[in-house]
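Please open the model in a viewer and keep the sequence panel in view. The stops below each give a selection and say what is found there.

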Amino acid sequence: MLIVNKSYGLPATFEPGLEPICYQQFQAMSSAAAKEDLSLYIGSGYRSYHDQEIIYDNYVKSDGADMADTYSARPGYSEHQTGLVIDCNTIDDAFGATPEAAWLAEHAHEYGFIIRYPQGKEDITGYQYEPWHIRYVGSKIATKLYKSGQCLEEYLKVDSKYE
Ligand SMILES: [Zn+2]
């Protein structure tokens, strides 16, 4: 199991692109949602180390590093660099109130995805609640987490803290 959080980073040379399994499962999920007249699309998928460097630096410039660290990863620590992550739709708090977000929370595990940064787990994941950010872990583990309510750090018994 590949884990990327504030404790576990990736080298700049790790550049897998969006993993085919992640893309295929997202497409299958999106098709299922479409049958219920819901629209799920990729707002953001794979991001390289360099992409993240630009994003993070911009946030630090506008909000300062302490604030930026609560919602954006430092380069090398973004889960988007794994190629196993998709941000759905609009990537803002308003997404959480949409029928798409409710559907995603109930069905993502069937396609192998987890809501990676759940509400109430901010101190454990190290990130604010992000209803749009899903991580592919396979349906077996995703279903386990869905049923137990654990986040990935709890399941793997690991921390998420910068050194
Ligand atoms: Zn994300």
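Start by selecting Ser48: leaving aside residues up to four places away in sequence, Ser48 touches Glu15 and Gln81. This is a predicted model, so the tour describes a prediction throughout. Ser48 sits in the loop between S1 and helix H2 (49-63). With a relative accessibility of 11%, Ser48 counts as buried.

**The sheet**

Next, display the strands. Four of them form an open sheet with antiparallel pairing, in the order S1-S2-S4-S3. Strand S1 (42-44) and S3 are the edge strands, each pairing on one side only. From one strand to the next, the twist averages 50°.

Now go through the sheet pair by pair.

- S1 and S2: the antiparallel pairing runs over two bridges. Select Ser44, whose bridge partner in S2 is Asp87.
- S2 and S4: three bridges join these strands in the antiparallel sense. Select Ile86, which stands opposite Ile134 in S4.
- S3 and S4: the antiparallel pairing here has four bridges. Select Phe113, whose bridge partner in S4 is Tyr136.

Stay on S4 for a moment. How many of its residues are buried? The count is seven of seven, and S4 is mostly covered.

**The zinc site**

The protein donors are His80 (NE2), Asp87 (OD), Asp87 (OD) and His133 (ND1), at 2.1 to 2.7 Å from the ion. Asp87 lies in strand S2 (residues 85-88) and His133 in strand S4 (residues 130-136), so this pair ties together parts that are 46 residues apart in sequence. The spacing of the donor residues along the sequence is H-x6-D-x45-H.

What is the geometry of the site of the zinc ion? The angles among the four donor atoms run from 53 to 153°, and the site is irregular. A tetrahedral site would need all angles between 85 and 135 degrees.

Colour these residues by accessibility. Asp87 is buried, with a relative accessible area of 4%, and His133 is buried as well, at 3%.

Select H1 and look at it together with the strands. H1 lies across S1, S2, S3 and S4, and runs at about 130° to S4.

Then select helix H4 (residues 99-107). Its buried residues include Glu100, Ala101, Trp103 and Leu104. These four cover an arc of only 160° around the axis, which puts them on the same side of H4. In general, an α-helix has 3.6 residues a turn, so residues three or four places apart point the same way.

What covers the buried residues of H4? The cover includes helix H1 (20-34), S2, strand S3 (113-117) and S4.

**Two residues with positive phi**

Finish with two selections made on backbone angle. Asp37 has a phi near 60°, a positive value in a residue other than glycine. The place of Asp37 is the loop between H1 and S1. Is Asp37 buried or exposed? Asp37 is exposed, with a relative accessible area of 75%.

The other selection is Lys157, a residue other than glycine with a positive phi near 55°. Lys157 is found in the segment after helix H7 (152-156). At 74% relative accessibility, Lys157 counts as exposed.

Methods: Residues numbered from 1 in each chain as written. Predicted model: local features only at pLDDT ≥ 70, side-chain atom pairs only at ≥ 80, totals over all residues. Heavy atoms only, no water. Donors = N, O, S within 2.8 Å, 3.2 Å for Na, K, Ca; no water. Tetrahedral: all angles 85-135°; square planar, octahedral: opposite > 155°, others 65-115°. Buried < 20%, exposed > 50% of the residue type's maximum accessible area, 1.4 Å probe, protein only. Arc of directions from axis to C-beta. Contact = heavy atoms within 4.5 Å. Pairing = 2+ DSSP bridges. Axes fitted to C-alpha atoms, helices over the stretch in contact; angles between N-to-C directions.
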